[in-house]
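Here is a short briefing on one protein chain. Keep the sequence and the 3D view side by side as you read.

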Amino acid sequence: MFIKDENVFFHELDIHDIVDATVILDIDGTLTCSSKKQIKKEVIKVVRELEKKNVVYIFSNNYNGNRSREIAASINIPYIEAPHKKPNKKILKYIDETCLVIAIGDKYLTDGLFAQFAKAQHIRVKRYRCSDDSMMDKVACFVDDVAYVIAKFLHIATT
Ligand SMILES: [Mg+2]
């Protein structure tokens, strides 16, 4: 699968080419650290820009659904109420999707594979990290990074 690996943080993304798409934003590591709820102004600015020419949704695999909904509400972006987790493409059944779906996120095994299964595009962003992030989360991120390197090595994921 092709992954657009931007190697920049979400707020540094060049989004000019993203037009007429259904954009699904990940939360943890993508819009903020997994230990934070507050979304920084520069992040919100990019979300607002995306909204001008696209339909934007938020979806997170975080076990704390209330936190995810709270974050989505705080920046006025609809949260996808799906009883599934990424990479399950059934998540798309819960929204009105356009023909072009773009998943923006920091993880290969969730955001990347979701995009692959849904025949969508994946934009991989550099992960926001904070010292308060849980050890479990740090391990999950490490495992994901290793999986991504292996996938690239095996040419499963190409950038
Ligand atoms: Mg994430």
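Strands S2 and S3 pair in the parallel sense, over 4 bridges. Keep in mind that this is a predicted model.

- Strands of a sheet pair through backbone hydrogen bonds, and the pairing is either parallel or antiparallel.
- Valine 23 has isoleucine 102 as its bridge partner in S4.

**The whole sheet**
- In what order do the strands lie in the open sheet? The order is S1-S5-S4-S2-S3, which makes 5 strands with parallel pairing.
- The edges are S1 (3-5) and S3 (55-58), and each of these strands pairs on one side only.
- From one strand to the next, the twist averages 20°.

**The nonpolar core**
- The largest nonpolar core has 33 residues.
- Which of its residues touch the most other members? They are Val23, Leu25, Val101, Ile102, Ala103 and Ile104.
- Strands S2, S3 and S4 each supply at least two residues of this core, and so do helices H1 (41-53), H2 (65-74) and H3 (108-117).
- Look at isoleucine 102 again, the S4 bridge partner of valine 23. Leaving aside neighbours within four places in sequence, isoleucine 102 is in contact with Ile18, Ala21, Val23, Ala120, Gln121 and Ile123.

**Helix H3**
- Why is H3 described as largely enclosed by the rest of the structure? The reason is burial, because 8 of the 10 residues of H3 are buried.
- The buried residues of H3 are Tyr108, Thr110, Asp111, Gly112, Leu113, Phe114, Ala115 and Gln116.
- What covers these buried residues? The cover includes strands S1, S4 and S5 (121-124), together with helix H4 (135-153).
- Lysine 119 follows H3, and its phi is positive, near 55°.

**To take away**
- Valine 23 and isoleucine 102 are both among the core residues that touch the most other members.

Methods:
Residues numbered from 1 in each chain as written. Predicted model: local features only at pLDDT ≥ 70, side-chain atom pairs only at ≥ 80, totals over all residues. Pairing = 2+ DSSP bridges. Axes fitted to C-alpha atoms, helices over the stretch in contact; angles between N-to-C directions. Core = buried A, V, L, I, M, F, W, Y, C linked by C-beta atoms within 7 Å. Buried ≥ 20, exposed ≤ 12 C-beta atoms within 10 Å, placed from the backbone. Contact = placed C-beta atoms within 7 Å.
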